[in-house]
Structures are given as structure tokens and as C-alpha cells.
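Hello,

Here is the structure I promised to pass on.

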Amino acid sequence: QNGGFTTLNPDPNLLIWDPPTTVGPKKFRAGWLSVPVMHDPYLAAFEAPPHRCLRVIMKPARKQPAKLGPVMLHCGGPGSDASCAVFLGEMLEINSTYVVGDPLSDDYDYWSISQRGMQQLVGGFDDTPCPFKSEDDQTLPVWPEVDCTGINDLINKEGIEAAIKRLDGDEDDATKQDMLDAIRSGPDAQKFGFALHNETYVRWLYRIAALESNLCFHDPKYLVSSAKNRSYNILEHTSTVDLAYDIELVREAIGAQKMSVYGVSYGTKVGSVYATIFPDKVHRLILDGDMGSGADVREFANWVGQSTEAVWTGLAMACDNSVMAGRPTKSICPAGPGSTRKLHRLLLDGKTDEDR
């Protein structure tokens with residue numbers, strides 16, 4: 001069922017490990033995964049989509065084949081790269097026979113991937129080029145890092161007037177340039193106060209973000225074509241669902257029957273989406289710091305606001321209680337009691353430069 005492929009000898013059409021090297025953490029392997037820009041088996045039956053390369057880093061289990069199979073580690077948002085295996089993997093190296101027994105790394109191949117849109121080359125490892133070839137026998141490019149610099153590029157190419165001309169609003173050019181500069185350099189407290197409570201700031205932020213997003217989406221570096229000249233915008237294929245399919249490609253490449261996922265924060269959504277699409281392929285799923293599942297941006301914003309308020313409320317209550325309970329001076333929170341009221345007043349009504 002696995003085609004004879006293993007962790008150390010994966011399917012060369014999908015995953016190729018770099019040649020052995022002394023660069024990088026010991027016993028880790030770095031390699032390249034070839035992924036289709038669009039995961040669509042129905043369209044692929046008629047026309048092969050273009051492919052790009054994603055970086056993968058793995059530490060194979062000390063005992064091969066791995067008793068518990070592979071576990072994909074995801075360090076959270078806004079995106080995780082392949083170095084996550086090095087950092088988060090340290091937890092799998094705990095060696096305490098009294099507490100947990102032998103290290104989990106004895107039984108798991110743990111690995112991470114530089115997901116679509118993230119920087120692909122990872123520090124501490126060789127900058128080995130992608131070994132895969134395109135249909136016209138050219139070296140397959142790596143997936144480009146998403147870095148939206150459209151407004152800067154437009155200004156450098158055509159001048160500030162070009163950016164001002166494209167901004168929404170009836171204000172004069174001087175006002176537009178002033179707001180463009182002020183918001184792109186960061187919310188100046190002297191100008192806007194508590195920025196997110198300043199309607200002028202929020203309205204201009206939306207306008208500028210809309211311009212930046214439009215310029216980014218139409219940037220030629222994100223446009224690719226298939227051998228039959230079908231165009232793709234890779235920004236439309238840089239999603240959590242795409243990552244789930246890329247994880248599945250790794251499972252297929254190494255001939256594993258099941259895949260485990262350990263996700264932190266946004267990584268919990270990655271694990272949940274993978275388990276939803278491939279429920280029969282999941283061995284174990286660890287969700288650390290569970291993230292809301294809503295796909296709608298407004299639902300997500302509400303969830304973030306509610307969770308942030310819940311965390312602050314807990315901290316503020318503990319702070320206030322330390323004073324009201326009469327705890328020793330060294331254990332008293334200096335902001336209590338009334339820490340929430342004091343912070344709210346400071347943010348909204350702070351008058352001095354020090355307050356702002």
C-alpha cells in the first residue's frame with residue numbers, strides 16, 4: 001500500500017532529501033516537497049497545474065521504522081516554517097524514564113514544513129536548490145514568500161502622486177499624502193490617540209489596506225502559468241486547506257499509513273482542517289491553545305475580541321483580588337484595585353505625553 005517508500009527513502013516524485021551534510025542540527029534531514037499550485041484532481045485529469053517547492057525538515061525516529069509514525073509540528077500563525085521541527089521538537093526529546101519513559105523522538109518521525117507564503121530557506125541548514133524539474137525541464141521555483149510592498153513599489157516607480165491618485169476619498173492630495181505617510185509609518189499616538197478608537201484612523205487604515213491588497217494581488221511575482229498557459233494567482237492557493245493537502249503529500253511520500261499533527265495556536269486549525277479532510281489518515285491530534293474555527297473574517301474578529309477580553313478579565317480580577325484580599329505587600333498587584341477602569345481611562349483620556 002505504501003509503494004515501498006519510507007521516511008529515509010521517500011517517493012522521489014514528491015519528496016527529495018538533501019545530500020548528507022554537517023550543516024544544521026544533528027540528525028535532522030532537510031528536503032524539498034513538490035506541490036501542485038492548485039490541489040484539484042478533477043482539473044488535473046485534463047491539465048497538470050504548475051508545481052512549486054516547499055521546504056521540509058524532519059528528524060527521523062532513532063528506531064526505524066518509527067513505531068508511531070510521523071507527527072507534523074506546527075508552531076502557529078500567521079504561518080509556520082520548517083524550522084518549527086527544531087524548536088517545538090525539543091519537547092519530544094525529553095528523556096526521563098521516571099516521568100515519561102523514553103523520548104517520544106524514539107517512536108515518532110517529527111517534521112515541519114515551510115507552508116505556502118512563508119520564507120522557504122531556513123537558517124542553519126544548507127541553501128540547497130530545489131531538485132525538481134518543471135515540464136519544460138527547468139529548475140522548479142520555490143514558493144515565493146508573501147511580502148506585500150505594492151505601495152512602496154508604486155511610489156518608487158511612479159512617485160507619490162500615483163499612490164495618492166489611487167486612494168479612495170474626496171480629500172485633497174495634501175491630506176491624502178499626510179494620512180498615507182502617518183498610517184504607513186505606524187499609528188502616531190500624538191496624532192491619533194488610542195488609534196483603534198479613532199474613526200479617522202480606522203477609515204484611512206481601511207483605504208490604505210485596500211490599495212495595498214489590490215496592488216499585492218496583481219503583483220506579477222504571484223502569477224504563474226501551466227505548460228498549457230493557464231494562469232494561476234498563487235495568492236488564491238495559499239490557504240489552510242492547501243496546507244492540509246500538502247501534509248497529505250508528505251504522508252504519501254514517506255509511505256506512512258497515518259499522520260499525527262501537533263499544532264499550537266493557528267496550528268490547531270491546521271490540525272483540525274487536516275483531520276476534517278482526511279479523517280481516516282489521522283493517528284493522533286494534539287491541539288495546544290485551540291483557535292476558533294470560524295472561516296468568516298468578522299466571526300474571527302469577534303472571537304479574537306472575546307478571547308482577548310476573557311484573558312484580560314482574568315488577569316485584572318487576579319490583580320484586584322490581590323489588593324482586596326490584603327495579601328503581603330510584595331504579592332500585591334500595584335494596578336489594583338480597579339485595574340480595568342484605570343487602564344481604560346489611561347487609553348481613552350490620557351492627556352500628557354507620558355500617558356499617550
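Predicted model: local features only at pLDDT ≥ 70, side-chain atom pairs only at ≥ 80, totals over all residues.

Residues are numbered from 1 along each chain as its sequence is written, and side-chain values use heavy atoms, with hydrogens and water left out.

The overall build

The protein chain has 11 helices and nine strands; these are DSSP runs, numbered from the N terminus (helices H or I, at least four residues; strands E, at least two). Its C-alpha atoms fill a box of roughly 70 × 65 × 40 Å, taken along the principal axes. Of the 356 residues, 41% are buried (under 20% relative accessible area with a 1.4 Å probe, protein chains only; exposed is over 50%, partly exposed in between). Among contacts (heavy atoms within 4.5 Å) with a separation of 6 or more, 66% are between residues 24 or more positions apart.

Strand β3 and its partners

Strand β3 (residues 51-59) is mostly covered, with eight of its nine residues buried. Strand β2 (residues 29-36) runs antiparallel to β3 and is joined to it by eight bridges; pairing of strands requires at least two DSSP bridges between them. Within this pairing, S34 has C53 in β3 as its bridge partner. β3 also pairs with strand β5 (residues 109-113), again in the antiparallel sense, over four bridges.

The nonpolar cores

A nonpolar core is a set of buried Ala, Val, Leu, Ile, Met, Phe, Trp, Tyr and Cys residues joined through side-chain atoms within 4.5 Å. The largest one has 37 residues, of which L33, W111, I113, I247 and Y274 touch the most other members. At least two residues of this core come from each of β1 (15-17), β2, β3, β5, α8 (240-253), β8 (259-264) and α9 (266-277). The biggest share is from α8, which gives six residues. W111 is worth a look on screen: leaving aside residues up to four places away in sequence, W111 touches V56, I57, M58, P70, V71, M72, L73, A85, I247, V250 and M259. Another core, of 19 residues, lies apart from this one and includes L154, I160, M179 and L180.

Aromatic rings

A search of the whole structure gives five aromatic pairs (ring centres of Phe, Tyr and Trp, its six-membered ring, within 6.5 Å; stacked under 30 degrees between planes, edge-to-face over 60, tilted for the rest). F28 and Y110 form an edge-to-face pair, at 5.9 Å centre to centre and 75° between the planes. This pair links distant parts of the chain, since F28 is in the loop between β1 and β2 and Y110 is in strand β5, 82 residues apart. Both F28 and Y110 are buried. Elsewhere, ring pairs link Y245, Y274 and F278 into a cluster.

Helix α10

Helix α10 (residues 297-324) has 28 residues and reaches 40 Å from its first C-alpha to its last, close to the 40 Å expected (1.5 Å times one less than the number of residues). Its buried residues are A316, C319, D320 and S322, and what covers them includes α11 (339-349). Just after α10, G326 takes a positive phi of about 70°.

Enjoy exploring the model!

Best wishes
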